[in-house]
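Here are some questions and answers on a protein model. Look at the sequence and the structure before reading on.

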Amino acid sequence: MTSVTSPPPALEPSRLMSRLKRSYSLIQALGVLLALIILMQIANDRFLSPVNIGNLLGQMTVMLIVAAGMTIVMIAGEFDVGVGSVVGLSAAVAGWLMVRWFPVPTADDQVWWIIVLGLTVPLLIGPVIGFFAGLIVTKALIPSFIVTLGTLMMARSLTLVVTQGQPIPDIPNVIRAFGQGRWVQIPLPFNFSGLLESGSLGDLFVWLPVQNIVWVAVVVYAAAWFLMERTSFGKRVYAVGSNRTVAMLSGIRADRVKIICLMIVGFTASLGGLVSISRLGAVSPNTGEGLEFEVIAAVVIGGTSLSGGQGRVLRTVIGVVIIALTRNFLNLARIEIFWQGFATGAIILAAVLLEALQRRISRRS
């Protein structure tokens, strides 16, 4: 009778090391996030206050939504540096339709079908721009960075045309009520002093009202995760990003996949524009300006490869939080706004260097 022997114990450490190497980007991002939270709380005790956390969640929602689409397009091996201008153009068109196209005495007097039109038409802007950009990228074989740089300039110019370089205030109250409302509260275990005083576990939790727009981001990430992890399209995106030639030999229509990915990131940018006006209650001519660079940095920090074929949508959340935490801390510390661009640029450089280090570790393994 033959006995079955278990593998030698010496194999276990090697398996553990290989898993750690595969999870290097996640461990790296979580370590940076934890270090930032600790340092920022030490530097400013208001950092982890429920009020600041609630404001922070609202501030980073637009970046979160756009970063979900950017993760998908970067996994496919492409870039879209025009997302910030698409956010601005979508917000401008929505504001123009709801306020200037059919003027009314007050925002409360606006008819319902104008509001519906102002919410639906802008959602088509991003996918249309993404479709044409995808056609140029795949058929003319021009790098997506160059193509979307052109769409960035065109969309930014159209934003100024629509707004005439002036803010559009007085967005209808029903839109502002949703964007600025906090209809759901979640418990956070942050009241340590209350726990020490009473000894009751219930006093540890603080109820945090969460802005409604945050739940829009939650739905977007749930949909993006399902698309990339549970559908055949997601597998095709990874295959095209890893090796376009091999994917095509396997029967995958790589050009179609890339066009759809650019349309998806365009849709998330347009949705981000609508979320922006619902939160702010107005449209600014420079809405979304510079957003694309923060989004790309967040996606890379979250572990998505610059060369494509590698990344996870949910990990992008970590990168977005790191960028948002840095900006929030600079505001709390009352550091001049001029330094915020410097900090964002430094984060982008650090993200690129860490991504290069991750590639080296992957090759060695």
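Buried means under 20% relative accessible area, exposed means over 50%, and partly exposed is in between, with a 1.4 Å probe and protein chains only. The model is predicted, so local features need pLDDT of at least 70 and side-chain atom pairs pLDDT 80 or more, while totals for chains, interfaces and linings use all residues. Residues are numbered from 1 along each chain as its sequence is written, and side-chain values use heavy atoms, leaving out hydrogens and water.

Q: Is Phe178 buried, exposed or partly exposed?
A: The relative accessibility of Phe178 is 33%.

Q: How many aromatic pairs does a search of the whole structure find?
A: Rings of Phe, Tyr and Trp (its six-membered ring) pair if their centres lie within 6.5 Å; planes under 30 degrees apart count as stacked, over 60 as edge-to-face and the rest as tilted. With this rule, the number of aromatic pairs in the whole structure is four.

Q: Which kind of pair do the rings of Trp101 and Trp113 form?
A: The ring centres of Trp101 and Trp113 are 6.1 Å apart. Their planes stand at 90°, and planes over 60 degrees apart make a pair edge-to-face. The pair is therefore edge-to-face.

Q: Which parts does the pair of Trp101 and Trp113 tie together?
A: Helices are DSSP runs of H or I with at least four residues, numbered from the N terminus. The parts tied together are 12 residues apart in sequence. Trp101 lies in the loop between α5 (83–100) and α6 (112–120), and Trp113 lies in helix α6.

Q: Which residues do ring pairs link into a cluster?
A: One member, Trp96, lies in helix α5 and is partly exposed at 33% relative accessibility. Trp101 is also a member, and is partly exposed at 40%. The cluster is made of Trp96, Trp101 and Trp113.

Q: Is Met74 buried or exposed?
A: Met74 sits in helix α4 (residues 61–75). Leaving aside neighbours within four places in sequence, Met74 is in contact (heavy atoms within 4.5 Å) with residues including Phe79, Ile296 and Ser305. Its relative accessibility is 1%, so Met74 counts as buried.

Q: How far apart in space are Met74 and Ser305, C-alpha to C-alpha?
A: In sequence, Met74 and Ser305 are 231 residues apart. In space, their C-alpha to C-alpha distance is 7.4 Å.

Conventions
Helices (H or I, at least four residues) and strands (E, at least two) are DSSP runs, numbered from the N terminus.
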